[in-house]
Amino acid sequence: MVSSLFETPKHATHFRKKGSGVAVHLYNRAMDSRMVFVLLWMLLSSTSTGIKLDGNGYVDVVIAISSKVPQDNRLIDKIKEMVTEGSLYLYHALDEKVYFREATILVPPQWNGTNFTKARTEPILCEMQAKIRIDNANPSYGFEPYTNQYGECGAEGEYIHFTPEYLLNDTLTELYGSRGKIFVHEWAHLRWGVFDECNGEKPFYHSNGYIEATRCSKNIKVEFYEVTAGGSLQQCSIDPQTSLPTKGCMFFLDRNQITNSSIMFLPSLNAVTTFCHENEHNYEAPNMQNKKCEKATWTVIFEDSVDKDALCSLKPLQSPPPPPSFKVVQRKQRIVCLILDVSGSMEGSRILQQQQAATHFLRNIIENQARVGIVAFSTLASTLSPLTTIASDTTRENLIKLLPKVASGSTNMCLGLSQGLQILREDNGDALGDEIIFLTDGQATDNIAICVPSAIQSGAIIHTLAFSDSAARELTEMANKTGGQFLSPNDKTTSNQLMDAFASLTLSTGDYTKEPVQLESIGERTSDWFNGTVSVDQTVGNKTSFVIIYETSFPSVYIQSPSGSVYTQTNMSHDVSQKTVTLNIPGTTEHGDWKYSIQTTILQALTLTVTSQAAQADVPPITVKTHMNQQFSDGTKPMIVFAEVSQSYRPVINAEVWATLESETGSVQTLRLLDNGAGADAFQDDGIYSRIFTYTFTYTYIYIHTYQIILFGPSDFYDFGNLDLGDLSSYVTPCVKNVGVFVIYLSPPKPPIFEEPLDVGNFTRTDTGESFMVKLSGQAPSNFPPNRITDLSAEIQEDTVLLNWTAPGEDLDQGTAKSYEIRWSFDLKMLRFNFSNGYEVNTTAVSPQKAGSVEQHSFNLNITIQNGTTLFFAVQSEDKQKAKSETSNIAQASKILPGPKPQGISNPGMNLTVLVISLCVVTVVLCFIVVVVVCAVKRRKRSAKSDMALIITNEGQNNLYA
């Protein structure tokens, strides 16, 4: 009888954040049971925090040490040394135009010290917002520095990750080279959106009958050898299938050759001091810089990056820059003041929803030992609670009892702000780094513009929640200028948006095991059953709570555990005044699928929110984060929706992701987010799902109020990423010396990183973030052309060419394009810069498929392709309005007839017909630098058995970064 309660009737209508919002759903591509749901809130203007270029100097550069890192004050000194050294490298690399002027080092709250300054709001809110992080190793990289990038060419990256081991172990400088130069290499990824110019997966390629090493510039001289078990050199063998060197073949660089580029190819080479320019760029090299940008790194920096205008106008400094100045700051106890609107316009459902959401925040979200104060304002302002330390559940409940329940009077926002700041100053005389959560229905009775400047100058972080669509402009200004969040939840009773907004206001330190995780947030208007399932996986289970909110009448609630135990109202707490029913699971929650069944006999809105925390201190939970590439748009440039699914730094892949964007008028646009490395997605299988939002709404303003992610996972092992994300730079520089016989001195091998598979069972998640705004410049959205194809590949078989790519859409990555134009050439640059001059391929038999589909086509070029020939191919797409896409990436293919058996090659300047060379040539080599495997695929799992970790090979499983 009980089991039937947990079946969902066909007539039940569920909703995911109705009202103004964006929803994203993720499903496992192999199993339909995995889903992530994201609801995105639109931000009404862009934020102003972050790194800035002030004149010739970079300021607001924050390096944050994770709270998971044990105290070691040597880290502070090493960071200072790296940035100081890097400042000079940066100065020389960009024509003496820029340097690092100011940097802030944020140390964890638990570190002891008297010389740490209290952290202000500028330029970050917490460690996880810093653009440069010092944290424990990412299993995909080990100690390797890397930059998290998932934007287009020229777009800023997310963050640089250094490990404490990398900074403290000076022997690693022998492995990677100068820390300062490596910092500049990663800075170029982060700030200017350039990519690496090597390729650990494809260290060699064909070029018109010759074998070349993947490098930039092509002027760098290299030679190919294999290293024997005894340490001597021998000629490389050729694979008869690929006609490229076999595994174990390396290329060596003459240490004494004169070259100064490129930092994105080999920063560890002593002579390298700058970036690759157009006149020396190797367009043919199969590296990520060419795939993503198809131009030199120097050109991207000066023409496409966030600093392009400044760099072009800046004049070189007259003398070397001074060393950077440093501040070491610390954020101690979290201090928050809730400033709550109780004016007459909040009367009714709004004051109740405010009470419910603030209760959720105080009971389940705010961390232990934080201090919380409460202020209410209307015609006057009053203190409901001074700063109180969250020391126990009793403290939380006492604060909840003080929340306002009645609304009346006018909306004097300045009085509320002033009262809240006064409370924050009571602990130590100032509000620096403290937080305000300011909730209002949006319109002030007084002149809020008068008090906003002083509130911004106070140093407090101000989060503003506009509980209406008519928000005062100053609310966005306060949030943006203080490092806070602006959120605009709707007030519909069928929506959890205000609950989700409060839940999003966490201060993450990067230690997700101590932070609340929202497993579910869902609602429905029904007069019958409201059923569903919430999965509690192995990574969560502590402090689990189910919160049911009803609109009118107390419903019947049944919650069934995976083992079949049923919880009813007798096991739950019921707050009649808040119309809330809560089930708190003691201890560690039973893992598996929990079923809820809620019955009402009258038509009313019902919502469910489920939160939990990590089950084990050493196992971080699976989390979801969302991100928009812009926070304001005028409609001329499309916005990209991102959803990142991970367990700490480990990506969760093979999910199906859907985003639903809803305007303030209720218009809905649904997108499927993809992790396929095409269109808006930068890298395949990196756990970051993306799609372009093309403004199909016909309204001038579009508000999307929250983003929420819900994941449903299968009960098998998760894929945590076997990634193909590009190339890490070749940091290591071992050398070959001539001491009678040749001996190779390799740098010490890197410690292997073990990744045990994790069986977490089914899982669900939700997450909530900021808001953004689109203001369309015309009456209707722009007609966007098909998106640029970025994954075109080519292969020659006899005289037939095989081409593969991911289909673009009619409008960017939406819909179906009308037609393709394919051209080829013997000259890559001609095709790159003069696409229409290439030879056209007959595509009359090709009908474009729906966006995101795999296109595979073969063509006969009506020519005889000679052995050793290299051809280049590119594609443009056209829509029904005859708008054409940008030219695709340039794909290249060579016709190389396989030999009868593996053959040898000794250097890349030799034609393939010359297959044997005298070993005596080796004796003229004086000293070479081995280009190592650190140029392998980014974030790929490491092999614990990799004993070739210092040598580039063409087998991914032996790569240092595999």
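Gln 560 sits across from Lys 595 of strand E33. In this predicted model, strand E29 (residues 556-560) runs antiparallel to strand E33 (residues 592-599), and 5 bridges hold the pairing. Both belong to an open sheet of 4 strands with antiparallel pairing, in the order E27-E33-E29-E30. Strands E27 (529-536) and E30 (566-567) are the edges; each has a single partner strand, so one side of each has no neighbour in the sheet.

## Buried parts

Helix H13 (residues 497-504) is largely enclosed by the rest of the structure, because 8 of its 8 residues are buried.

As for nonpolar packing, the largest core has 80 residues, and the ones with the most contacts inside it are Tyr 58, Leu 94, Trp 187, Trp 192 and Phe 275. Another core, of 34 residues, lies apart from it and has Met 346, Ala 370, Ile 374 and Leu 487 among its members. In soluble globular proteins, nonpolar side chains tend to be buried together.

## Around Ser 825

Ser 825 is found in strand E48 (residues 819-825). Its relative accessibility is 3%, so Ser 825 counts as buried. A polar atom of the Ser 825 side chain lies 2.9 Å from the backbone nitrogen of Asp 827. Leaving out residues up to four places away in sequence, Ser 825 touches Met 830, Leu 831, Tyr 839, Leu 871 and Phe 872.

## Salt bridges

Side chains of opposite charge can pair when their charged atoms come close. The count here is 30 salt bridges. One of them joins Arg 101 and Asp 54, at 3.2 Å from N to O. The two are 47 residues apart, with Arg 101 in the loop between strands E7 (99-100) and E8 (102-107) and Asp 54 in strand E4 (residues 52-54). Arg 101 is partly exposed at 25% relative accessible area, and Asp 54 is partly exposed at 43%.

Arg 350 and Asp 441 make another bridge, with their closest N and O atoms 3.9 Å apart. This pair spans 91 residues, from helix H8 (residues 349-365) to the loop between strand E23 (435-440) and helix H11 (452-457). Arg 350 is buried at 17%, and Asp 441 is buried at 7%.

Lys 880 bridges to Glu 810, with 3.7 Å between the closest N and O atoms. Here Lys 880 is exposed, at 58% relative accessible area, whereas Glu 810 is buried, at 10%. Elsewhere, shared partners join Lys 78, Glu 81, Asp 170 and Arg 179 into one network of salt bridges.

Key
Residues are numbered from 1 along each chain as its sequence is written. This is a predicted model: local features need pLDDT of at least 70, side-chain atom pairs count only at pLDDT 80 or more; totals for chains, interfaces and linings use all residues. Side-chain values use heavy atoms; hydrogens and water are left out. Two strands pair if DSSP finds at least two bridges between them. Buried means under 20% relative accessible area, exposed over 50%, partly exposed in between (1.4 Å probe, protein chains only). A nonpolar core is a set of buried Ala, Val, Leu, Ile, Met, Phe, Trp, Tyr and Cys residues joined through side-chain atoms within 4.5 Å. A polar contact is a pair of N or O atoms within 3.5 Å; within protein, one must be able to donate a hydrogen and the other to accept it, and residues adjacent in sequence count only if both atoms are side-chain atoms. Contact means heavy atoms within 4.5 Å. A salt bridge is a side-chain nitrogen of Lys or Arg within 4 Å of a carboxyl oxygen of Asp or Glu.
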